[in-house]
Structures are given as structure tokens and as C-alpha cells.
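Subject: Structure handover and findings

Dear colleague,

Please find the structure below, followed by an account of what was found in it. I would be grateful if you could read the two together.

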Amino acid sequence: MKKKRTNFKIDYITVGNKIKLRRTEKKLSQSELAEAAEISDNFLSSIERGVISPSLETLYAISLALDTTVDYFLLGYTHPNNLNQNVIDKIKLCHDENKLHMLIKIIEVILSD
């Protein structure tokens with residue numbers, strides 16, 4: 001039986017917003033990310049604003065530079081079917097020691113049952 005093809009349209013404005021969000025979470029400037037992904041600052045700026053639709057190769061280079069996957073930009077999660085790794089990734093992005101201590105306390109309360 002042939003699977004029915006769904007109409008999947010990529011929202012490049014959302015993709016750009018996710019790239020910018022991940023970049024700011026990692027505390028990288030546009031220049032730093034552009035250099036790591038081997039693209040120009042202007043090109044990255046246009047991608048983040050949704051003005052330009054990046055190729056899969058460019059999305060892959062950006063995802064590597066941001067320690068995530070292309071899935072994150074297209075679907076919203078960094079590790080499909082791996083909730084534990086997604087939680088770990090979010091924690092790694094936290095650089096506030098007070099928030100990390102709070103997270104530890106929350107986790108201890110949840111696991112104490």
C-alpha cells in the first residue's frame with residue numbers, strides 16, 4: 001500500500017527564529033555562528049529573518065555549529081524519540097548556577113516518590 005503524501009510546507013520564518021533562539025541560548029553572535037557554519041554574516045542574518053530559504057547542506061552546517069539537528073529547525077526537537085537527551089540538551093544550555101541548583105532541587109522532589 002502506497003503512503004499518502006502529506007503537504008508539508010516549511011515555514012522559513014519559524015526555521016530562522018529557531019536558529020536565532022538556539023544561537024542566543026548558546027550565547028553566540030551571528031558572526032561566530034556564521035564562521036562556524038562557514039557562511040557569511042549577511043547570509044545568516046537573512047536566514048534568521050526568513051528572507052532566504054537555506055539549503056539542507058546549510059541547515060546541516062548550522063545544526064552542527066549549534067549542537068543540534070536539522071530536525072530541531074524543521075520539527076522543533078533536537079533528538080527525535082529521545083526525551084532524556086532533549087532534557088539534557090536544555091540543561092546544558094543553562095549557564096545560570098542558581099537556575100541549575102533550582103533544577104536539581106526540582107528533580108530531587110520529582111524523583112523522591
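Contact, as used throughout this message, means heavy atoms within 4.5 Å. Helices (H or I, at least four residues) and strands (E, at least two) are DSSP runs, numbered from the N terminus.

This is a predicted model, in which local features need pLDDT of at least 70 and side-chain atom pairs count only at pLDDT 80 or more, while totals for chains, interfaces and linings use all residues. Residues are numbered from 1 along each chain as its sequence is written, and side-chain values use heavy atoms, with hydrogens and water left out.

Overall composition and confidence

The protein contains seven helices and zero strands. Of its 113 residues, 27% are buried; buried means under 20% relative accessible area, exposed over 50%, and partly exposed in between (1.4 Å probe, protein chains only). Among contacts between residues at least 6 apart in sequence, 54% join residues at least 24 apart.

The average pLDDT (the predictor's confidence in each residue, from 0 to 100) is 86, and 88% of the residues score at least 70. Where pLDDT is low, the predicted coordinates should not be read in detail.

Helix H2

In helix H2 (residues 30–37), the buried residues are Leu33, Ala34 and Ala37. Seen down the helix axis, these buried residues fall within an arc of 100° and so line one face of H2; the arc is that of the directions from the helix axis to the C-beta atoms. Glu35 and Ala36, on the other side of H2, are exposed. The cover over the buried residues includes helix H1 (12–25), helix H3 (41–48) and helix H4 (56–65). Just after H2, Glu38 adopts a positive phi of about 60°.

Leu33 has a relative accessibility of 0% and therefore counts as buried. Leaving aside residues up to four places away in sequence, Leu33 touches Ile19, Arg23, Leu44, Ile62, Ala65 and Leu66. Leu33 and Leu66 are 33 residues apart in sequence, and their C-alpha atoms are 7.7 Å apart in space.

Axes here are lines fitted to C-alpha atoms, for helices over the stretch in contact, and angles run from 0 to 180 degrees between N-to-C directions. Angles under 35 degrees count as roughly parallel, over 145 as roughly antiparallel, 65 to 115 as roughly perpendicular and the rest as oblique.

H2 and H3 pack at an angle of about 105°, with their axes 9 Å apart, and are therefore roughly perpendicular to each other. Here Gln30, Ser31, Leu33 and Ala34 in H2 meet Asp41, Leu44, Ser45 and Glu48 in H3.

The axes of H1 and H3 come within 7 Å and cross at roughly 120°, which makes H1 oblique to H3. Tyr12, Gly16, Asn17, Ile19, Lys20 and Arg23 in H1 meet Leu44, Ile47 and Glu48 in H3.

Glu48

Not counting residues up to four places away in sequence, Glu48 touches Gly16, Asn17, Ile19, Lys20, Arg23 and Gln30.

Yours sincerely
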